[in-house]
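Biologist: Hi! Could you walk me through this one? I'd like to start with the pockets.
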Amino acid sequence: MEWHESDPLMLDGWHEFNRIKWGVRPLRLRFGADDGAGARLDAVLYLDRRGRVFQPEENPYIPVAFHPDLTNPACRVEGQWLRLAEQLAVEMRRLGTANSIDLPVDVVDGRPWLWAGFHVEVKYTYVIDLPFHPERMEKAARSIARKALRAGYRCERTGRLADAHACLTATGSRKGFRLSVSLRDLQLLRDLLGDECLRVYICYSSSGEPAAANVVLYRPGGMAVGWVGGIASAHLSSGAAQLLRVACLTDLAAAGATAINLAGANIPGVALAKSQFGGRLTPYLSVDGCGLKSVAHWLMNWWHPTHAPGMAAPAGRRVGRALRQSAS
């Protein structure tokens, strides 16, 4: 497994935002030796009022970070993962789950959850490695981005949250869903994370109207998460969205980001829009422990254990900074 350190969803400010916004209790877990030596696994679960594991809305996944002991032979790293991840899965089973829980793209081995009686489903997202190479974009996407540039559109990383929220709201209204992120939420999250970790990008038209917005979670040196985005209806076919994405990726690369997770590509229209930037289609796992099928599976495993030999038994901001803009 390839593990990306510096997950922005591990930031205390993100946990506090979820606590305030959704009324959940963050539960920080660490599995491994008490003295910190050897492999360890860190995770943050959110508990609802009934003490069940819950994934709040607009959370791309629940953060899980595996730190292998690389002094051991490579063949034993898998064993380290299974031993530690199984403890997490069993703890989730003990607490119970209120909804499906998505795991980070780094978690490619879902067997600990299968063995703990969860139903494991594969979902997909796009991951774009940085630095970004515009030539990997679809030709049509590059062309329309250049068209926006010629029309006078310009991109900024900005503190104008109201402009960003207007673009997010426009997309929600057009698609027929209620946006669960309010302007006040954006302001709260910026207060908790700061401008470097909550990066707001906006593309403005030549007349200064906000045309498209991307809001990105980022922890220096790691993989960024494309959290939410939107585009104003009047600028749908202007190329503003494509121009903004390029500017966003260029800025993240300059800030030291290694990649960006576009946070889901499981709806046809959304997948099509995200695919045009040449990212890697990347699977991730979603585990569900609250269905009857999962309960029956767990009972079957409990009656006829299928664990591998040797496994443990289950138990002011600024207002605007011009960005380099290119669509070539």
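Predicted model: local features only at pLDDT ≥ 70, side-chain atom pairs only at ≥ 80, totals over all residues.

Biologist: Good. What volume does the largest pocket have?
Modeller: The volume of the largest pocket is about 1600 Å³. Its lining is made up of 47 residues, and those closest to the centre are Trp227, Gly229, Ala263, Val270 and Lys274.

Biologist: Which elements give two or more residues to that lining?
Modeller: They are α5, β8, β9, α7 (240-254) and α8 (268-275). The largest share comes from β9, with six residues.

Biologist: And how many of the lining residues are nonpolar, polar or charged?
Modeller: The lining of the largest pocket has 25 nonpolar, 14 polar and eight charged residues.

Biologist: Where is Glu58, and what about its phi?
Modeller: Glu58 lies in the loop between β2 (40-47) and β3 (64-67). Its phi is positive too, near 60°, and Glu58 is partly exposed with a relative accessible area of 29%.

Biologist: Changing topic: which residues of helix α6 are buried?
Modeller: In α6, residues 183-193, the buried ones are Asp185, Leu186, Leu189, Arg190 and Leu193. Looking down the axis of α6, they fall within an arc of 135°, so they line one face of the helix.

Biologist: Why would that spacing put residues on one side?
Modeller: An α-helix has 3.6 residues a turn, so residues three or four places apart point the same way.

Biologist: What covers that face, and which residues are exposed on the other side?
Modeller: The cover over the buried residues of α6 includes α1 (12-22), α5 (161-175), β7 (198-204), β8 (210-217) and β9 (223-231). On the other side of α6, Arg184 and Asp191 are exposed.

Biologist: What follows α6?
Modeller: Gly194 does, and its phi is positive, near 85°.

Biologist: Last one: which residues does the cis peptide bond join?
Modeller: It joins Leu130 and Pro131, with omega about 5°. Pro131 is in the loop between β5 (119-129) and α4 (139-150). For context, most peptide bonds are trans.

Methods: Residues numbered from 1 in each chain as written. Heavy atoms only, no water. Buried < 20%, exposed > 50% of the residue type's maximum accessible area, 1.4 Å probe, protein only. Helix = DSSP H or I, 4+ residues; strand = E, 2+ residues; numbered from the N terminus. Arc of directions from axis to C-beta. Contact = heavy atoms within 4.5 Å. 1 Å grid on protein atoms, 1.4 Å probe; cavity = no way out; pocket = protein on both sides within 12 Å on 5 of 7 lines; lining within 4 Å. Points joined across faces, edges and corners; volume = space filled by probe spheres on them. Nonpolar A, V, L, I, M, F, W, Y, C, P; charged D, E, K, R; others polar.
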